[in-house]
Amino acid sequence: MKEILSMDNVSYSYDSEDEVAKKAVDGVSFTVQEDEWIAIVGHNGSGKSTLAKLMIGLLFPEEGDVNVFIEKLTENNIWEIRSRMGFVFQNPDNQFVGSTVQDDVAFALENNGVPFEEMVTRVHEALAQVNMSDFLDQEPHHLSGGQKQRVAIAGALALHPKLLIMDEATSMLDPQGRNEVIHLVEELKRKTGLTVISITHDLEEALLADRIIVMNKGKVLTVGTPEQIFARGNELEEIGLDLPFALRVSSLLRENGLDLVGEHMTEEELVNELWTSHFSK
């Protein structure tokens with residue numbers, strides 16, 4: 001597997017009137033490999049959104065290095081590296097610049113000098129990938145929240161990125177819109193081998209990741225698979241994170257005397273055990 005992104009002992013502090021500025025990111029190191037889905041989770045103020053800005057060069061570290069596609073991210077190469085990355089942020093309205101859906105998806109392509117005929121092809125392909133082909137001429141502000149995020153993802157996909165970074169991309173959506181966007185990204189990753197970094201406070205979303213990085217007070221608290229991370233449920237709750245619904249229900253059932261085997265990551269796993277072990281006899 002090939003390294004896509006890495007942080008090597010990265011620290012960053014925002015301006016402060018205090019004599020000693022508090023570090024928003026403090027000595028963070030990790031590596032993301034090609035074709036991985038990495039979820040970065042933490043409560044508000046844990047440093048995860050600062051990490052997103054450091055990854056895409058909106059901020060540069062005070063200490064340490066950010067490496068993307070094996071290159072150290074600098075002011076000299078930022079635009080070339082960004083052309084191979086896609087971003088989807090919390091509020092899609094902040095990303096819209098075109099008067100129609102197709103104009104918006106084409107905007108970054110035009111800025112990157114993509115020839116017109118190829119640009120048209122890429123716009124149609126990207127909108128088809130997110131099931132938004134019927135909305136070519138719609139004005140973005142007429143779309144639902146989930147549809148807006150689909151268009152934002154299409155704008156990122158049209159660049160043919162090697163890496164997609166989503167910073168709280170589902171936090172403003174209702175449950176249906178959130179599920180649509182997450183399952184869409186899951187399908188795109190499976191079909192195209194896209195590498196995904198999802199920055200979120202939603203541990204239900206993090207269940208889909210290959211690995212989870214847990215941030216707390218600007219530092220990496222722990223890294224592991226979803227199963228390894230959620231085995232530390234009490235520790236996650238202590239730092240202000242809500243466990244996935246199925247894990248919380250499993251814990252309550254055990255506390256009330258029901259014998260359950262193993263941890264249940266999803267509601268389907270929990271229902272299956274309850275049915276086969278307790279209700280089907």
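Angles under 35 degrees count as roughly parallel, over 145 as roughly antiparallel, 65 to 115 as roughly perpendicular, and the rest as oblique. This is a predicted model: local features need pLDDT of at least 70, side-chain atom pairs count only at pLDDT 80 or more, and totals for chains, interfaces and linings use all residues. Residues are numbered from 1 along each chain as its sequence is written, and side-chain values use heavy atoms, leaving out hydrogens and water.

Start with helix α3 (residues 101-111) and helix α4 (residues 116-129): their axes come within 9 Å and cross at roughly 125 degrees. Axes are lines fitted to C-alpha atoms, for helices over the stretch in contact, with angles from 0 to 180 degrees between N-to-C directions. Helices are DSSP runs (H or I, at least four residues), numbered from the N terminus. α3 and α4 are therefore oblique to each other. Val101, Gln102, Val105, Ala106, Leu109 and Glu110 in α3 meet Met119, Arg122, Val123, Ala126 and Leu127 in α4. Contact means heavy atoms within 4.5 Å.

α3 also packs against α5. Here the axes come within 8 Å and cross at roughly 35 degrees. Val101, Asp104 and Val105 of α3 touch Val151, Ala154 and Gly155 of α5.

Now the cores. A nonpolar core is a set of buried Ala, Val, Leu, Ile, Met, Phe, Trp, Tyr and Cys residues joined through side-chain atoms within 4.5 Å. Buried means under 20% relative accessible area (1.4 Å probe, protein chains only). The largest core has 49 residues, and Ile153 and Ile212 have the most contacts inside it. Helix α5 (residues 145-157) gives this core its largest share, 6 residues. Apart from it lies another core of 30 residues, including Val10 and Met215.

Definitions and conventions. Buried < 20%, exposed > 50% of the residue type's maximum accessible area, 1.4 Å probe, protein only. Helix = DSSP H or I, 4+ residues; strand = E, 2+ residues; numbered from the N terminus.
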